[in-house]
Amino acid sequence: MRICTILVVMLTGCFVARAADAPAPAPAPAVGATAPAVAKAAPSTAPSVTPQARELLDRMDQAYASLISLDLVGKLAFRSDVGGEKRNRDSEFTAKYQAPNRFVQDMKDDVVAGSTGEKLYMYSAAKKGYIIQDAPKGKIIAKDLQPPYDQLLDVISTQNPSLLFALTASPSKMLIENMPSAEKLADVSVDGKSLNALKLKDPATNANMTLLLDPATNLVRRATLDMSPALTKRGAQDVKEAQVTVDYSTVAPGAAVKAGQFAWAPPADAKDVAKEMAAPEGEEPSKALEGKAAPEFSAKDLNDKQVALKDFKGKVVIVDFWATWCGPCREGLPHVDKVYQAFKDKGVVALAVDVQETKEKVQQFVTENKFTFTALLDSDGKVSEKFKVSGIPQTVIIGKDGIVKNVFVGTGPDSEKKLHDAVQAAVDAK
């Protein structure tokens, strides 16, 4: 089964996250809701690391391993120009770290993520939601975190790689596992200071990252993740730019640690997002909807008309949650449209609910693919929340009596047949 997880998108909005997936016009490898993090994946090819690059990586490992504390201030710049659609956003952040596993990162207008040493958390004031779990002892490494909490590290890896390296037992091992080609480039001058340049690349995907290291500290001064070649390789058209740059204005190893600066507790009015979406082990949270009355909702279609579920009382309704950036959704949407075409003469309605994208983006995608279902815009994510969507695509079959008959999450080789059979059963039901 292929699925795009969206819990962290629901919590954060993940403005960086969609750079990797948004423009791909053909089915792409299944990835989560976050940008290609340096904390995941198995090596795709044998490592090819030049001696000069290995020396830089070893010095970086030693520098991060010896940190007692670290203060960081920086800016994240996201630039994307793909398929004629431009997306730009800058955001400032501050971060503090104390060995081995305490940290706090505050990304302006996004989320606060951190560890008290006992608890890991991520909190959104805008969404009034958080996720929290026990913190691993010692260095935090990806294998210690289970979904959905592993996405917390995905967010940090894209927003603040220097902090991620401080939290990792071996930054170089993490990097080479994901980008097995590494070479030293000519030094680069930034603000009048000469910095060591290290380029890493995954030959299998063409994704590449450039790290600029301060030779005085061997810590990261600037990190740039360029997804342009990877998107082109995956079939995206007219890729002019797809890049995330993290630039640090302050990198202060050995910074003073104040009492209580890593303490955190959820505000009284905040909700535990993961707990709200909890489900039996191995089961999607949304499966709990089966056998219950479908949540009422309304959303605008592409003609700005408000469409409500109650408008289709007495009819079988297919509600599919998707996004253009989600590879599995691109595989599943033609199935939804095909099944809808097969049953529309029997009163079946298909509502394809796009998760938090622009009207223009959705309109273009629907038009290009000649879909005939009704596309709706879940601009604020509230419809997704009502249907306990933790991964997309998610397809819900609602019977003529308003009861949820089936919930399907992800795509697979028999997805179309399962959907067809479920709709047939709902149509045949008295």
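Which residues in α2 meet which residues in α5?

Reply: This is a predicted model. Start with the α2 side of the contact. Arg-54, Leu-57, Met-60, Asp-61 and Tyr-64 come from α2. They meet Pro-171, Ser-172, Leu-175 and Ile-176 in α5.

Now take the two helices themselves. Helix α2 covers residues 51-65, and helix α5 covers residues 171-178. Two packed helices are described by the angle between their axes and the distance between the axes. Here the axes come within 8 Å. They cross at roughly 135°. Angles over 145 degrees would count as roughly antiparallel, and 65 to 115 as roughly perpendicular. The crossing of roughly 135° therefore makes α2 oblique to α5.

Next, the aromatic rings. The structure holds 10 aromatic pairs. A pair of aromatic rings is described by the distance of the centres and the angle of the planes. One of the pairs is Tyr-130 with Trp-264. Their ring centres are 5.9 Å apart, and their planes stand at 70°, so the pair is edge-to-face. Tyr-130 lies in strand β8 (residues 129-134). Trp-264 lies in the loop between β13 and β14. The pair therefore ties together parts that are 134 residues apart in sequence. Tyr-130 counts as buried, because its relative accessibility is 12%. Trp-264 has 22%, so Trp-264 counts as partly exposed. Ring pairs also link Tyr-130 and Trp-264 with Tyr-121 and Tyr-123 into a cluster.

Another pair is Phe-321 with Phe-387. Their centres are 5.3 Å apart and their planes are at 50°, so this pair is tilted. Phe-321 lies in strand β17 (residues 317-322), and Phe-387 in the loop between α10 and β20. Phe-321 is buried, at 0% relative accessibility. Phe-387 is also buried, with a relative accessible area of 0%.

Phe-321 leads on to the nonpolar cores. The largest nonpolar core has 53 residues. Phe-321, Phe-373, Ile-392 and Val-423 touch the most other members. Several elements give two or more residues to this core, including β17, α8, β18, α9 and α11. Another core lies apart from it and has 49 residues, among them Ala-95, Leu-219, Ala-223 and Leu-231.

Methods
Residues numbered from 1 in each chain as written. Predicted model: local features only at pLDDT ≥ 70, side-chain atom pairs only at ≥ 80, totals over all residues. Heavy atoms only, no water. Axes fitted to C-alpha atoms, helices over the stretch in contact; angles between N-to-C directions. Helix = DSSP H or I, 4+ residues; strand = E, 2+ residues; numbered from the N terminus. Parallel < 35°, antiparallel > 145°, perpendicular 65-115°, else oblique. Contact = heavy atoms within 4.5 Å. Phe/Tyr/Trp six-rings, centres within 6.5 Å; stacked < 30°, edge-to-face > 60°. Buried < 20%, exposed > 50% of the residue type's maximum accessible area, 1.4 Å probe, protein only. Core = buried A, V, L, I, M, F, W, Y, C linked by side-chain atoms within 4.5 Å.
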